[in-house]
Amino acid sequence: MTKSGRPNLGGLFNGTTPPERSSRISDALGPPSQRPPSAVEPDQVSQPAAVGPRAVRSGEQPTAAPAQAEHRWPGLPRIDPVRAVDRYFEVLQAVLNLNHAMALGWANAVKSVSGRVLPRR
Amino acid sequence: MRRIVAIANGKGGVGKTTLTAGLAGQAAAAGLRVLVVDTDPQGNMRRDLGYGPQEGSSLGLAITHGMPLEVTRGVRDRLDVVPGGPALWDVAAAFTSRGARGASLPGLRPALDRVRPEGTDDDYDLVLIDTPPGEPILQELVFASSDYLIIPTRSDEASLDGLVVVAQRFAAARAVNPALTLLGVALFGVRAGSTRLIKRVRAALQETLGGAAPVFAASIRHLESAAVDMRSRGLLPYELEQVHQADKSARINRLRQKSKGDNGDSLLSRDSSAARLAGDYADLADEMLAAIMQLENRPTAEVAV
């Protein structure tokens, strides 16, 4: 915060402060030097280590947590529940957007049909 | 070498589109080869640059499927446009659904890299990208493809809040594009005579930016009548000034010839205000290019406007 109570955004712009939310597009585009040439296998989605680096979310343990988890439960697969929940709601949002677009398309089509063609009681 | 500059704020109505068109026109008039990319589904750039309504399908397909961009050539001398439009509403949904499947998408940069000015082997000098405020995915896509960012803002609190939103998106996009740099913040829609207010807002902005980038010394004044004249006729600020000059000459000629004038489609703005507005854009374009040159450690004289 600045003296006048405004947030100090300098760190976000010069890269010293991590963003509150990771990039929505980084997984789809990939980091600049490691962009995937083709589709990533769906079963890799819940394994952050296979996807490449990403920005740290607020409240997350950036580096130590996955290593500690592996050490503590060596037999279990590493799953990031935050990422899975995030993905789930992204899918829900996508479905909602598609339904919205379809409904609008249908409504526009109905609107464009002449009143004579529409069924009458 | 082309420089790609995004114009963005997290809030609407802060002058992004008008500023993009004005800066692009100014740079093109000064001799630079300029490409404007309108990533806004509302496609309002057409009103500022004066071309017909577009769907934005080419841009949408370029982002989601890597198709070649369709460029509207010669909107002005040395100024081409990739138009936006309602088809861009589909980009965010495509990104989310394909991203959820783990499939990769090309984004904007590959298609942009393939676009060249017509009839020359040279590249564009400047690519200016207008962004929509309420579409975070589109905005981040632009950030992932840009070298620099300019944030226009008005002096009100809500516009300043938009800075926080864009700062978060900027920081997130640097995971994909670490080279992205904030070029500066531009004050837009400044009312004449509000010197003290502007001084205060400028100080608040500088404090908020924490030295990460400058607040441009040049600001764009608020002139409602000039804005209406420009958008209704598809004129850029310096063109409005030229129209006023031509209008003035025609009036003088009519007086000399004692003939009656035709005032059916007269301008709302005054010639002096149009000239001042054109001056604002010229100053800001100068400052933008100087800031780029400074960041790239080159003498400003090389590309002075």
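Colleague: What share of the contacts in chain A with a separation of 6 or more comes from residues 24 or more positions apart?

Modeller: In this predicted model, residues 24 or more positions apart account for 55% of the contacts in chain A with a separation of 6 or more. The chain has five helices and zero strands, so that the pattern along its sequence reads α-α-α-α-α, and 12% of its 121 residues count as buried.

Colleague: How do you know where the confidence in chain A is lowest and where it is highest?

Modeller: The mean pLDDT of chain A is 64, with 48% of its residues reaching 70 or more. By element, helix 3 (residues 48-51) of chain A has the lowest confidence, at a mean of 32, while helix 1 of chain A has the highest, at 89. Over residues 33-71 of chain A the pLDDT is below 50, although this stretch has 52 contacts in the model beyond near neighbours in sequence. Where pLDDT is low, the predicted coordinates should not be read in detail.

Colleague: What are the corresponding values for chain B, and what does the predictor give for the complex?

Modeller: Chain B averages a pLDDT of 87, and 94% of the residues score at least 70. Residues 300-305 of chain B, however, stay under 50, and for them the model has 12 contacts beyond four places in sequence. For the complex, the predictor gives an ipTM of 0.78 and a pTM of 0.73.

Colleague: Which residues and elements make up the side of chain A that touches chain B?

Modeller: The contact takes 48 residues from chain A and 40 residues from chain B. On the side of chain A, the elements that give two or more residues are helix 1 (10-14), helix 2 (26-29) and helix 5 (81-112) of chain A, and helix 5 of chain A gives the most, with eight residues. By class, the residues on this side divide into 21 nonpolar, 16 polar and 11 charged.

Colleague: Why are helix 3 of chain B and helix 4 of chain B called roughly parallel?

Modeller: The axes of helix 3 (residues 57-65) of chain B and helix 4 (residues 89-100) of chain B come within 9 Å and cross at roughly 10°. Angles under 35 degrees count as roughly parallel, and the two helices are therefore roughly parallel to each other. Their contact is made by B:Gly60, B:Ile63 and B:Thr64 of helix 3 of chain B and by B:Asp90, B:Val91 and B:Ala94 of helix 4 of chain B, which by class gives three nonpolar, two polar and one charged residues.

Colleague: What covers the buried residues of helix 4 of chain B?

Modeller: The buried residues of helix 4 of chain B are B:Val91, B:Ala92, B:Ala94, B:Phe95, B:Thr96, B:Gly99 and B:Ala100. What covers them includes helix 2 and helix 5 of chain A, together with helix 3 and helix 6 (136-145) of chain B.

Colleague: Why is B:Thr64 called partly exposed?

Modeller: B:Thr64, which lies in helix 3 of chain B, has 18 other C-beta atoms within 10 Å. A residue is buried at 20 or more and exposed at 12 or fewer, so B:Thr64, with its 18, is partly exposed. Leaving aside neighbours within four places in sequence, B:Thr64 is in contact with B:Val91, B:Ala94 and B:Leu105.

Colleague: Which residues have the most contacts inside the largest nonpolar core?

Modeller: That core has 96 residues, and those with the most contacts inside it are B:Val5, B:Val34, B:Val127, B:Leu128, B:Leu149 and B:Phe170. Helix 11 (residues 271-295) of chain B gives the most to this core, with nine residues. Not counting residues up to four places away in sequence, B:Leu128 touches B:Val5, B:Ile7, B:Thr20, B:Leu23, B:Ala24, B:Val34 and B:Val36. In soluble globular proteins, nonpolar side chains tend to be buried together.

How values were computed:
Residues numbered from 1 in each chain as written. Chains lettered and ligands numbered in written order. Predicted model: local features only at pLDDT ≥ 70, side-chain atom pairs only at ≥ 80, totals over all residues. Axes fitted to C-alpha atoms, helices over the stretch in contact; angles between N-to-C directions. Helix = DSSP H or I, 4+ residues; strand = E, 2+ residues; numbered from the N terminus. Parallel < 35°, antiparallel > 145°, perpendicular 65-115°, else oblique. Contact = placed C-beta atoms within 7 Å. Nonpolar A, V, L, I, M, F, W, Y, C, P; charged D, E, K, R; others polar. Core = buried A, V, L, I, M, F, W, Y, C linked by C-beta atoms within 7 Å. pLDDT = per-residue confidence, 0-100.
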